[in-house]
2 protein chains.
Amino acid sequence: MFSKSCEYGLRAVIFIAQQSHLGHKASLTSISQAVDSPPAFTAKILQQLAKNNLIDSSKGPKGGFFMAPEAMKTLTLEAVVTVLDGDSIYTNCGLGLKQCNDKKPCPLHFKFVAIKEELKAMLQNTTLIMLVNDMNLYRFHLKR
Amino acid sequence: MFSKSCEYGLRAVIFIAQQSHLGHKASLTSISQAVDSPPAFTAKILQQLAKNNLIDSSKGPKGGFFMAPEAMKTLTLEAVVTVLDGDSIYTNCGLGLKQCNDKKPCPLHFKFVAIKEELKAMLQNTTLIMLVNDMNLYRFHLKR
DNA sequence: TTAATAAAGGATAAAATTGTCCTTTATTAA
DNA sequence: TTAATAAAGGACAATTTTATCCTTTATTAA
């Protein structure tokens, strides 16, 4: 479904949101341990997210990755996925046709549209603060 | 969503079904032209499908790939996807956790379950004969 | 102002996926 | 029985994705 980059990125962002909600910055080391992802590879992913302003970062001692409380309310999973994997999951043809739409559809076009819309809606409607709140109510996991 | 192998494979199988419904065998050359896929690569995919008995093949002049009318009624897209990509799309965790289920879920587990079930149902409920019939009623495309 | 800390960034490396080429095997028809 | 045809199969090549390592830059606190 998603690339490894995107899987690690989503897990990392959720962890960062959780920590930020507690008033803590998260270091690369703490993140890759918390979500069980390769540190150096995770660093690249976090760089990308920071460059696109989905998360904040600061260098030096007491530095790390974090999110403003405001950002947590507006940042959606869809934004994270779009930065890391592009919008191909929502927009691309299920059979891989370059041009596939209502006017010129593949045989599965109309069957896929509904599913892809649902996926997109789910990701668009889920903000990081929602997940942080969920995780305070229930035991959810970010590793293994 | 699907691998290239699976995209090509699905397109090829649909074309083969279409041709078989007309009483024709489809050669590798005709298939890769009809669905715009790399011939040698497509050959490997068709080999896999034939070895798993999703399609039939015969060598020599007048040979090619084909499906029995019976098979067309029972073969589903899900079977094709499972042979080429495995069941990871339906079963794997959206965040890439090795163990993610109702008892030990990731934060997105319950949100993903519905979507993955819908995708699986769609593929399971779509037989090749259905698509062949659809394509006789409406102009659907298998290339570009 | 220096030492320590931590992210940013560049250069590679490993692995997986995608893709090609060539030989072998089976089948058909002349 | 031979020549032509077409899939099967093996070996290899290119590309993309995943992953690592090392240097640079910024920040903090002593």
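**The surface near DNA strand D**

Tutor: In this predicted model, α3(B) gives the largest share of the surface near DNA strand D, five residues. Helices (H or I, at least four residues) and strands (E, at least two) are DSSP runs, numbered from the N terminus. Two or more residues each come from α1 (4–21) and α3 (39–51) of chain A, and from α3 (39–51) and β2 (64–66) of chain B. By class, this surface has 10 nonpolar, 10 polar and six charged residues. Here Ala, Val, Leu, Ile, Met, Phe, Trp, Tyr, Cys and Pro count as nonpolar, Asp, Glu, Lys and Arg as charged, and the others, Gly among them, as polar.

As for the two chains, a rotation of 180 degrees with 0.0 Å of shift along its axis superposes chain A on chain B, with RMSD 0.0 Å. In chain A, the C-alpha nearest the axis belongs to A:M1, 2.6 Å from it.

Between the chains, 32 residues of chain A are in contact with 32 residues of chain B, contact meaning that two C-beta atoms, placed from the backbone, lie within 7 Å. On the chain A side, α1, α7 (109–124) and α8 (128–137) give two or more residues. That side has 17 nonpolar, five polar and 10 charged residues.

In chain B, 15 of the 18 residues of α1(B) are buried, so this helix is largely enclosed by the rest of the structure. Buried means that 20 or more other C-beta atoms lie within 10 Å of the residue's own, all placed from the backbone. After α1(B) comes B:G23, with a positive phi near 85 degrees.

Chain A has a mean pLDDT of 98, with 100% of its residues at 70 or more; pLDDT is the predictor's confidence in each residue, from 0 to 100. The model scores ipTM 0.95 and pTM 0.96.

Residues are numbered from 1 along each chain as its sequence is written, while chains are lettered from A and ligands numbered from 1 in the order in which they are written. Local features need pLDDT of at least 70 and side-chain atom pairs count only at pLDDT 80 or more, whereas totals for chains, interfaces and linings use all residues.

Methods. Least-squares fit on C-alpha atoms with pLDDT ≥ 70 in both. Buried ≥ 20, exposed ≤ 12 C-beta atoms within 10 Å, placed from the backbone.
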